[in-house]
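These are my notebook entries on a protein structure. I set down what I looked up, topic by topic.

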Amino acid sequence: MISRLFTCYVSLWAMCLGLITPLSAQDKPAFDLQLGPEYVESALNLPPSIIGVDGSGYYLFQNKAPLTLGILIPIRLTKESVFLRKFDKNLKPVESVELDLRTKGVKERPEFAVLLQGNIYLFSTWVNASQRSTSLMSRVVSPVSMKIPATGKTVATASFDGFPRDKDVDYNMALSRDSSKVLIYYQLPNKANNPERFAVHVFDYEMTPLWDKTFELPYQEGLFDIRSFRIDNEANVYVLGKNYRDLPKERVNGAPNYNFKLLTLNPGLDKPEEITLDLRGKFLVDMHMEVLRNQDIVCAGVYAEERSNFIKGIYYFTYDPLRREVKTESSKELNLSMFDESENDDPEIRTKGQQRRSDRAFYNYEFEDIILRADGGAVLVGEEQYVVQMSDYVATGNGSGYYNYYYIYYRNDIITINISPEGQVESASRIPKRQAMRDTDYLLSYATLVSQQNIHFIFNDRIENLDIQAGERARPYSPSNFARARQVIELVSMDIDGNYVRQALVNTKEADQFAVPQASVQISPTEMILVFQRGKVRRLARVTVNP
């Protein structure tokens, strides 16, 4: 979570596209790749979160999963561990500290960490069984000494008195665009049929409290699904969520059963200010929210027909919270011709097959990124994602046997939709890729580096896909199915008009490892840090592109 948070907020000043000249097929942006030394660690270590960078190096937050025995009733043989790691400017690991945090002798659970204004802030939860409460604790760690303070400071406390002992409180954090404000938010334990409640605590970059408040929502418990929290530079808080009507179901009798709500919170409000995001006759499938440079709120997402699950278009909404007025609200239908010139856009000329293909083209897409443009527009980025359950029959003799079930994760084409400040679609593009992996997806999907001129996508692929022509489908790729000589870590650079070029960042055999896209972070307008991994062997990599 923190790697994602750091990318979107600490470095968001670097993530605004300018208006630029188009890329031609011959213009492959220059880049530099620096690989750090390899290091070996436990195979149980999960992909790390990169929490910050300063003049002396890079800092990572990493979980180590417990070793378990058994499938139906797993038995823990080792404990879960969490580490704080430091790497120098040459990407060499120099220090690793296992976190053993305790308050009054009770072990705390490390949650997340972030580097702010020269200090590492480490957050953990502590359960006070006698008081039937859980608290979020913070510790200030010096990046120089990496010494962990013995005691922490209480940031927030939630009571679970009257609720089952295992009632958990999920603390979360968000940063403002300029990293001057810190938001801690969490949903409070509640009972059925009572109004939803959540608490927000706002701090400055030194974790000095600015304001906090508990808000009660006009929705019953379980009928409001929080999609995202954001905080602006002035310490105002915004919430985007789904409000279900009667039951927490996407549809009832085939009809949409929810709408999206945008809530504004600040210390002067006793209850949230609410705006309903609605397209009459349409069904908003998914929405995302960001804060613009001028502190306006932008929401962008996709919609379907009311009784269909197939994505039909995009919805774009901007709001001025200071004046309490909607500035832009627009929708635009998507079709295959936007992404493939071989597709006909005229419904009178389309064949039935083309129409059916167009209707289903965006069925499995998840739109997870909004990249803000310098002029107030945005680029919406989506990826085709789905999971398939498979099974193998294992014969044990005498006509008996059992089924072994497993999952295949798919991460396919990337699509981008470039939206003007007025909400018009200026360009759209599709980057073909077809990735699959069994039982996990940590080597799939992509990392994003946004420079002044281009959006750069980095992902694992097979070498034959470097030469894909427009309109072609990517050849299937799975990390375990090809010799490393036939695999590359690919760099795709796209300009604001959707023109892109593909090139190899490095051959997988040369790097001797795969990229881990989810463990990546942009650290400047032209640089990104990635984790490379193969088995127990890992290293950091730094990618630098031309502005």
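**Entry 1: Salt bridges**

I began with Arg373, which forms a salt bridge with Asp375, the closest N and O atoms being 2.6 Å apart. I record here that the model is a predicted one. Arg373 counts as buried, at 4% relative accessibility, whereas Asp375 is partly exposed, with a relative accessible area of 34%. As a general point, I note that side chains of opposite charge can pair when their charged atoms come close.

I turned next to Glu464 and Arg462, whose side chains meet in a salt bridge at 3.2 Å, N to O. Arg462 is buried, with a relative accessible area of 11%. Glu464 has 25% relative accessibility and counts as partly exposed.

Is Asp320 buried or exposed? I found that Asp320 is buried, because its relative accessible area is 10% and the limit for buried is under 20%. Arg323, by contrast, is exposed at 61% relative accessibility.

I also noted a network of salt bridges that links Glu41, Arg85 and Arg538. For the whole structure, I recorded 28 salt bridges.

**Entry 2: Nonpolar cores**

Which residues touch the most other members of the largest nonpolar core? This core has 22 residues, and I listed Leu262, Leu277, Leu284, Met287, Ile297, Cys299 and Phe317 as those with the most such neighbours. I then looked up the strands behind this core: β21 (237-244), β24 (258-265), β25 (273-277), β26 (282-291), β27 (297-305) and β28 (311-320) each supply at least two of its residues. The largest share comes from β26, which gives 5 residues.

Setting aside neighbours within four places in sequence, I found Ile297 in contact with Tyr238, Leu262, Met289, Glu290, Val291, Phe317, Thr318, Tyr319 and Pro321.

I also recorded a second, separate core of 20 residues, and Tyr121, Phe123, Val169 and Val182 are among them.

**Entry 3: A surface patch**

Last, I looked at the surface. Tyr393, Tyr403 and Tyr405 form a nonpolar patch there, and together they have about 380 Å² of accessible area. Where does Tyr405 lie? I located Tyr405 in strand β32, which covers residues 400-419.

Key:
Residues numbered from 1 in each chain as written. Predicted model: local features only at pLDDT ≥ 70, side-chain atom pairs only at ≥ 80, totals over all residues. Heavy atoms only, no water. Patch = residues over 30% accessible without salt bridge, like charges linked within 9 Å, V, L, I, M, F, W, Y side chains within 5 Å. Areas by Shrake-Rupley, 256 points an atom, 1.4 Å probe, with all protein chains shown as cover. Salt bridge = Lys/Arg side-chain N within 4 Å of Asp/Glu carboxyl O. Helix = DSSP H or I, 4+ residues; strand = E, 2+ residues; numbered from the N terminus. Core = buried A, V, L, I, M, F, W, Y, C linked by side-chain atoms within 4.5 Å. Buried < 20%, exposed > 50% of the residue type's maximum accessible area, 1.4 Å probe, protein only. Contact = heavy atoms within 4.5 Å.
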